[in-house]
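Biologist: I am new to this structure, and I would like a close look at one part. Please walk me through its aromatic rings and the nonpolar surroundings.

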Amino acid sequence: MLTTSQITSFLDDGFLPIGKLLDDDLVEQLRDEYDHLFSEAREEGRYRNLAILDTDDVDEKRDAEGQMLQIMQMCERSILYRRLLYDDRILDIVESLIGPNIQLFHDQALFKPAHYGEAVFWHQDNSYWKCVPANLVSCWLTLDDVDVSNGAMHVLPGSHRAPVEHDRTESTPLLDVGESVNADQAEVIDLPAGGVTFHHCQTLHYTSPNKTDRQRRAFAIHFMSPGTIRTRTDADTGDQLTEPMPISYSRPLLRARM
């Protein structure tokens, strides 16, 4: 479990770097499975390249000059990644931040290949999710040594306290807050392979391009409390509606304490 000072730091800043958490043997297994799943996905087109607009064209995704690759729900493709969701080392930290009842929202692999890995723009995760209350927590885990040169996460301390207006980019499916972020105030989180950092769903963050000869393989798990709802706009009336987050076997209860 986290210390009181660590919890206070997370509440104040909206993020908490932990550093090395997973042992090297497990990291190596996760790397092998990650590489296998991305190789398989590229052949079948079952992934997204967030550096370009959404397309079902396998060749267009694979051959694009920029690459920011995403596989959603790794836990549904791999028993190894499903098992990782229940790792007590991760869940103990999450419990310290959101309480003893923990449900999976979703997971995703985020891969920046060597030489042509693209950036992910400044954003708050909840600008996509629209969850209420906005108290989800994400674990961002690296399978490679990560620093500013190959795609480390940049975070803006204190930015989790309020939502920020986002715009759609023209050439990608990503959201961006544009020039409203003072990047000079950002902190860069360097992590070793097997390292983790946690952030609040409204913390502004960005990951830099990877133009090095090193891969940057990352995996994110997004946790919420059971009963979390989301807002959406009714397509016919334009009214703002609330609805429960969809719950299925693919979004299991990871921990519950009565």
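Modeller: Let's start with two phenylalanines: F38 and F111 are both buried, where buried means under 20% relative accessible area, exposed means over 50%, and partly exposed lies in between (1.4 Å probe, protein chains only). Keep in mind that this is a predicted model, in which local features need pLDDT of at least 70 and side-chain atom pairs count only at pLDDT 80 or more, while totals for chains, interfaces and linings use all residues. Residues are numbered from 1 along each chain as its sequence is written, and side-chain values use heavy atoms, leaving out hydrogens and water.

Rings of Phe, Tyr and Trp (its six-membered ring) pair if their centres lie within 6.5 Å; planes under 30 degrees apart are stacked, over 60 edge-to-face, and the rest tilted. By this rule there are six aromatic pairs. The F38 and F111 rings form a tilted pair, because their centres are 5.3 Å apart and their planes meet at 55°. F38 belongs to helix α2 and F111 to strand β4, so the pair links distant parts of the chain, 73 residues apart. Here helices (H or I, at least four residues) and strands (E, at least two) are DSSP runs, numbered from the N terminus.

Next come Y81 and F219, with ring centres 4.9 Å apart and planes at 65°, so this pair is edge-to-face. Since Y81 sits in helix α4 and F219 in strand β14, the pair ties together parts 138 residues apart in sequence. Y81 is buried at 0% relative accessibility, and F219 is buried with a relative accessible area of 0%.

Back at F38, ring pairs join Y34, F38 and F111 into a cluster.

Now for the wider surroundings. A nonpolar core is a set of buried Ala, Val, Leu, Ile, Met, Phe, Trp, Tyr and Cys residues joined through side-chain atoms within 4.5 Å. The largest one has 42 residues, and L84, I90, F198 and F223 touch the most other members. Among the elements giving two or more residues to this core are α2 (24-44), α4 (79-84), β4 (102-112) and β14 (216-224). Helix α2 supplies the largest share, seven residues.

Take F198 as an example: beyond its neighbours within four places in sequence, its contacts (heavy atoms within 4.5 Å) include F10, F15, I90, L97 and C139. There is also a second, separate core of 16 residues, with W140, V146, L174 and I189 among them. In soluble globular proteins, nonpolar side chains tend to be buried together.
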